[in-house]
Amino acid sequence: MDKKKTGLIAGVVALIAFVAAFIVIYNINKPKPSSTSTATETTAEAEQPAESETPAATEEGGSKNITIEVKSADGNVTTYEVSTDAEYLRQAMDEAEGLTYSGTDS
């Protein structure tokens with residue numbers, strides 16, 4: 001074979017190896033799908049944890065007790081106790097009595 005064909009073949013092989021490595025790395029690091037309603041359904045009995053595993057709900061109805069401490073610029077600390085089933089802090093902050101906040105999402 002002459003040098004041009006050898007170089008061309010080596011380039012094609014290198015390109016194929018690069019693409020294969022990229023695909024493998026992507027598959028390892030790709031985002032995991034969130035569980036949605038397309039998952040197989042289970043019986044209601046299997047969805048409910050045993051009573052001993054369920055956290056005790058407080059009188060306000062939440063199974064999670066969260067303490068939110070707000071420190072002002074002058075050093076004053078205000079504490080808010082929230083009993084909630086909220087998945088995210090923002091939801092719990094919305095439920096806290098007397099807590100107001102503002103800001104932007106990013």
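Student: Where in the chain is the place of Thr-78?
Tutor: We're looking at a predicted model, so local features need pLDDT of at least 70, side-chain atom pairs count only at pLDDT 80 or more, and totals for chains, interfaces and linings use all residues. Residues are numbered from 1 along each chain as its sequence is written, and side-chain values use heavy atoms, with hydrogens and water left out. Helices (H or I, at least four residues) and strands (E, at least two) are DSSP runs, numbered from the N terminus. With that labelling, you'll find Thr-78 in strand S2.

Student: What relative accessible area does Thr-78 have?
Tutor: Let's set the scale: buried means under 20% relative accessible area, exposed over 50%, and partly exposed in between (1.4 Å probe, protein chains only). Thr-78 counts as partly exposed because its value is 37%.

Student: Which residues is Thr-78 in contact with, leaving aside neighbours within four places in sequence?
Tutor: Contact means heavy atoms within 4.5 Å. Ile-68 is 10 residues away from Thr-78 along the chain, and their C-alpha atoms are separated by 8.2 Å. Val-70 is the residue standing opposite Thr-78. With those neighbours left aside, the contacts of Thr-78 are Ile-68, Glu-69 and Val-70.

Student: How many bridges join strand S1 to strand S2?
Tutor: Two strands pair if DSSP finds at least two bridges between them. S1 covers residues 64-71 and S2 covers residues 77-84, and they run antiparallel. The bridges joining the two strands number eight.

Student: Which residue in the turn of the hairpin has a positive phi?
Tutor: S1 and S2 make up the hairpin, with five residues between them. The phi in question is about 100 degrees, and it belongs to Gly-75.

Student: Which side chain has a polar contact of 3.1 Å with the side chain of Glu-81?
Tutor: A polar contact is a pair of N or O atoms within 3.5 Å; within protein, one must be able to donate a hydrogen and the other to accept it, and residues adjacent in sequence count only if both atoms are side-chain atoms. For Glu-81, the partner is the side chain of Thr-67.

Student: Is Ser-83 buried or exposed?
Tutor: Ser-83 is found in strand S2. Its side chain has a polar contact of 3.5 Å with the side chain of Asn-65. Since its relative accessibility is 11%, Ser-83 counts as buried.

Student: How long is the polar contact between the side chains of Thr-84 and Glu-95?
Tutor: Thr-84, also in S2, counts as buried because its relative accessibility is 2%. Not counting residues up to four places away in sequence, Thr-84 touches Gly-62, Ser-63, Lys-64, Ile-66, Ala-92 and Glu-95. The polar contact with the Glu-95 side chain comes out at 2.6 Å.

Student: What relative accessible area does Ile-23 have?
Tutor: Ile-23 takes us to helix H1, residues 3-29. Ile-23 counts as partly exposed because its relative accessible area is 45%.

Student: What pattern does the chain follow along the sequence?
Tutor: The chain has three helices and two strands. Buried residues make up 10% of its 106 residues. Among contacts between residues at least 6 apart in sequence, 10% join residues at least 24 apart. Read along the sequence, the pattern is α-α-β-β-α.
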